[in-house]
Amino acid sequence: MYKVSVLGDRESVLGFKALGFDAIPIENSVEAREKLHELARADIAVIYITEQVAAEIMDEINEYKDNVRPAIILIPGKDGSLGIGMRGVHNAVERAVGADILNN
């Protein structure tokens, strides 16, 4: 059975344990890179990563963007959104549809 994991600072990820997710607190970008690759090789279907952590390891995240598994989804951390996740959704929709349909 596939699992769901959450990477980010301790305060942002611990609440996800109540939902049954693997909450993995990250201290630095080196640890984040290692854990991302480890989870991608495991039976993890979805990896949620806080935008603050994702900003530091975007090259590694982009290695998996076209893969079916794991789906990597950026979420706001305890300090709020950096807008990275929304830009990713916007780019994915534009790539899929062939036009910018989300811009007002």
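I began with the naming rule for elements: helices (H or I, at least four residues) and strands (E, at least two) are DSSP runs, numbered from the N terminus. The model is predicted, so I kept in mind that local features need pLDDT of at least 70, that side-chain atom pairs count only at pLDDT 80 or more, and that totals for chains, interfaces and linings use all residues. Residues are numbered from 1 along each chain as its sequence is written, and side-chain values use heavy atoms, with hydrogens and water left out.

**Entry: the segment after α5**

I looked up Ile101 and found it in the segment after α5 (84-97). Ile101 counts as exposed because its relative accessibility is 54%.

In which order do the four strands of the open sheet run? I read β2-β1-β3-β4, with parallel pairing. The edges are β2 (22-25) and β4 (71-75), each of which pairs on one side only. Here two strands pair if DSSP finds at least two bridges between them. I noted four bridges between β1 (residues 3-8) and the parallel β2. Ser5 has Asp22 as its bridge partner in β2.

**Entry: aromatic rings**

My ring rule was this: rings of Phe, Tyr and Trp (its six-membered ring) pair if their centres lie within 6.5 Å, and planes under 30 degrees apart count as stacked, over 60 as edge-to-face and the rest as tilted. I counted three aromatic pairs by this rule. Phe16 and Phe21 are stacked, because their ring centres are 6.0 Å apart and their planes are at 15°. Phe21 and Tyr48 are stacked too, with centres 6.1 Å apart and planes at 20°. Phe21 lies in the loop between α1 (10-13) and β2, and Tyr48 in strand β3 (residues 44-50), so this pair ties together parts that are 27 residues apart in sequence. Ring pairs link Phe16, Phe21 and Tyr48 into a cluster. Phe21 is partly exposed at 23%, and Tyr48 is partly exposed at 22%.

I also checked Val46, which sits in strand β3 and is buried at 18%. Its C-alpha atom is 9.8 Å from that of Phe21, 25 residues apart along the chain.

**Entry: a cis bond**

I spotted a cis peptide bond between Arg69 and Pro70, with omega about 5°. Pro70 is in the loop between α4 (58-62) and β4.

**Entry: salt bridges**

How many salt bridges does the structure hold? I found two, taking a salt bridge as a side-chain nitrogen of Lys or Arg within 4 Å of a carboxyl oxygen of Asp or Glu. Arg33 meets Glu60 at 3.0 Å, N to O. That pair links distant parts of the chain, with Arg33 in helix α2 (residues 29-41) and Glu60 in helix α4, 27 residues apart. Arg33 is partly exposed at 28%, whereas Glu60 is buried at 14%. Lys35 bridges to Glu38, and their closest N and O atoms are 3.2 Å apart. Lys35 and Glu38 are three residues apart in helix α2, so about one helical turn separates them.

Key
Buried means under 20% relative accessible area, exposed over 50%, partly exposed in between (1.4 Å probe, protein chains only).
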